[in-house]
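Please look at the structure below before reading on.

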Amino acid sequence: MEQPTNRVFSGVQPTGNLHLGNYLGAIRNFVGLQETHECIYCVVDMHAITAWQDPKELAHNTREVAAAYIAAGVDADKQVIFNQSKVSAHAELTWILNCVARIGWLNRMTQFKEKAGKNRENASVGLYDYPVLMAADILAYRATHVPVGDDQKQHLELARDIAQKFNNDFAEFGGEDFFPQPEPLIMGAATRVMSLRDGSKKMSKSDPSDMSRITLTDTADDIAKKIRKARTDPEPLPSELDGLKDRPEADNLVGIYAALADVTKEAVLQEHGGSQFSSFKPALADLANERLSPITGEMARLMEDTTYIDSVLQKGSQRASAIAQPVVARVKEIVGFI
Ligand code: TYM
């Protein structure tokens, strides 16, 4: 079986409140990679249900993530866009990889600890097993590169460990070098966008405060208001990177500006060093609106045409299955299933 050398896989959960962190940390990078790679972009609805989802909202949110991919510039004709639950290879491979992954490995996953919180006994088994499903997502396509935000790095390392252990365990049975080691691609100036209300917390879909995040359904007024009210310190912006140390809120806004403008943080500070937030914030709001409004506008238009989105997902899932099914069939052979 031929091993591709430049196959990208990534996914986003359809859990609502798609935000600037998802865009700058992941979706935007999906777009550039299409020039050089074969890309498979998944709406990971099976991951979403590891925490309760209202079924109607799940369907809406699934279409919304697909719309975001397309609106951001992923070419639905050339690349594969689909939702995870339509391709059974993900669930099938997860079971086999569950038997490769070790409990000790999963116990180290910081995201599970954060998400399960104090009420760990009451978390779903799916939430615990989620990193193995994520490994299966990637390995079912024998993907070589995985663009993600910084928070997914540990899950990627686990996927690499699982791939390696499978290859070793089954080396004598055709498993040697079967799975590639997927490379994380953590790119740009905003790999970890922080909450606008608290520079020590990640911007997240589940933060109870809507003011903590800029979403891909916000209007220009919403965005301007959220940036105006973003927490900052009283000092002007520094001219050097060093001056952002111990100033997490300032660092975050500079990082967002840099990512949106596609320049480095140093370049932003060269231009805006010495400015007060009262002048930097409106400049950031204008830039954010300039960059986001074509995308949010196109997303809203696409969401009016659910027939089109559903057809993209349908066609994408057929193409995804055509790649993943033979991989899973080979894995079954390797482990000795007849
Ligand atoms: P999810 O849905 O939480 O986030 C989607 C993508 O957005 C990135 N991201 C961020 N980047 C920068 N700053 C932030 N504040 C921020 N918040 C989120 C995430 O790193 C991610 O790239 N488990 C994954 C989805 C997944 C997946 C996969 C990814 C499932 N299977 C296989 C890659 C490959 C997740 O929950 O992402």
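How far is an oxygen atom of the ligand from an N or O atom in the side chain of D151? The distance is 2.4 Å, which falls under the term polar contact (a pair of N or O atoms within 3.5 Å). The model is predicted, with local features needing pLDDT of at least 70 and side-chain atom pairs pLDDT 80 or more, while totals for chains, interfaces and linings use all residues. Residues are numbered from 1 along each chain as its sequence is written, and side-chain values use heavy atoms, without hydrogens and water.

| Residue | Protein atom | Ligand atom | Distance |
|---|---|---|---|
| Y130 | polar side-chain atom | oxygen | 2.6 Å |
| D151 | side-chain N or O | oxygen | 2.4 Å |
| V193 | backbone N or O | nitrogen | 2.8 Å |

The protein buries 97% of the 720 Å² that the ligand exposes when taken alone (Shrake-Rupley method, 1.4 Å probe).

The shell around the ligand has 28 residues, and Q13, Y130, D137, D151 and K205 come nearest; a residue is near if one of its heavy atoms lies within 4 Å. By type, the shell holds 12 nonpolar, 11 polar and 5 charged residues, with Asp, Glu, Lys and Arg as charged, Ala, Val, Leu, Ile, Met, Phe, Trp, Tyr, Cys and Pro as nonpolar, and the others as polar. Strand 1 (7–12), helix 1 (20–33) and helix 7 (125–139) each supply at least two shell residues; helices are DSSP runs (H or I) of at least four residues, and strands (E) of at least two.

Helix 1 also packs with helix 10 (residues 248–261), at about 45° and with axes 11 Å apart.

Note on methods: Polar contact = N/O pair within 3.5 Å; in protein donor to acceptor, adjacent residues only side chain to side chain. Axes fitted to C-alpha atoms, helices over the stretch in contact; angles between N-to-C directions.
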